[in-house]
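Here is a short briefing for a reader new to this structure. Look at the sequence and the model first, then read on.

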Amino acid sequence: MLIDSHCHLDRIDLAPYQGDLSAALQQASNRGVAGFLAIAVDKDNINTVVEIAQLYDNVWASVGVHPLSAAEGSLSVEELISHASQEKVVAIGETGLDYYYDQHSQAEQLKSFADHIAVAKQLNKPLVIHTRQAKADTLTLLRSEGAEQAGGVLHCFTEDWDMAKQAMDLGFYISISGIVTFKKATNVHEVAKQVPLDRLLVETDSPYLAPVPYRGKTNEPQYVVEVAKCLAELRGESFDVLAQQTTENFFRLFAGARRL
């Protein structure tokens, strides 16, 4: 049994399933994927993501504003609390910092990130963090805002081992996406081999970043199987052990998710 710990179910291509999300989730289930964490990224899709989670027993939601959407306007603390208090919402995010695509909205990103951390602490729900080329500021803010009180995960991790270790020292988990299947992603390979098994999660980030052999195509939650297979081989572990432990990790971190 696997859990796709990060997917954008409101954005995946449902054409192969005649527009039926249930069919896409069933296809994943047929391959051993038992649960899904649906992620909101901006004001416009939060309600949709929460509604999807409320429709399915094995889907949960995380609500927040992606750092690249923060410049267009984040949510207030009060608005975040309202959204995050809904049924089936088990986490806060996707939030964080992204200086790779946008270095001009750093102030807005930092303010939004700090607000998300405050809400996560207040509601005792873990953070789902996006970080890209913002290592120093991400770690500084996690420490200064006391983010370890809420915990969380650095999703789709592409930074270096030093950052992974510092984040884990604060109690955070590391999630590996389909990038681990890319031959040239050597930094991800090195981190993926070193993360302790009890701190590891797997994800698709679908519809983005489809793993080999589907690279270049639209990603789907079912392809978390390919991520886990590659990760197990890279680490020299059995697929079954990795699947079981990452699932245990998911339910330990996202305590509000009802175990299936």
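**Salt bridges and cores**

E190 is partly exposed, with a relative accessible area of 40%. Here, partly exposed lies between buried, under 20% relative accessible area, and exposed, over 50%, using a 1.4 Å probe and protein chains only. This is a predicted model: local features need pLDDT of at least 70, side-chain atom pairs count only at pLDDT 80 or more, and totals for chains, interfaces and linings use all residues. Residues are numbered from 1 along each chain as its sequence is written, and side-chain values use heavy atoms, leaving out hydrogens and water.

**A pair within one helix**

- E190 forms a salt bridge with K193, at 3.1 Å from N to O. A salt bridge is a side-chain nitrogen of Lys or Arg within 4 Å of a carboxyl oxygen of Asp or Glu.
- Both residues sit in helix α7 (residues 186-194), three residues apart, so about one helical turn separates them. Helices (H or I, at least four residues) and strands (E, at least two) are DSSP runs, numbered from the N terminus.
- K193 is also partly exposed, at 40% relative accessibility.

**Other salt bridges**

- The count of salt bridges comes to eight.
- One of them joins E226 and R31, with the closest N and O atoms 2.7 Å apart.
- That pair links distant parts of the chain. E226 lies in helix α8, while R31 lies in the loop between α1 (21-30) and β2 (33-39), and 195 residues separate the two.
- E226 counts as buried at 13% relative accessibility. R31 is partly exposed at 28%.
- E237 and R235 form another salt bridge, and their closest N and O atoms are 2.9 Å apart.
- R235 is buried, with a relative accessible area of 15%. E237 is partly exposed, at 26%.
- K135, D160 and D162 are linked in a network of salt bridges.

**Nonpolar cores**

- The largest nonpolar core has 75 residues, and L9, V59 and F172 touch the most other members. Helix α8 (residues 224-235) supplies the largest share of this core, six residues.
- A nonpolar core is a set of buried Ala, Val, Leu, Ile, Met, Phe, Trp, Tyr and Cys residues joined through side-chain atoms within 4.5 Å.
- Leaving aside neighbours within four places in sequence, V59 is in contact with L9, L25, F36, A38, I52, A53 and K88. Contact means heavy atoms within 4.5 Å.
- A second, separate core has 15 residues, including I3, V90, A91 and L201.
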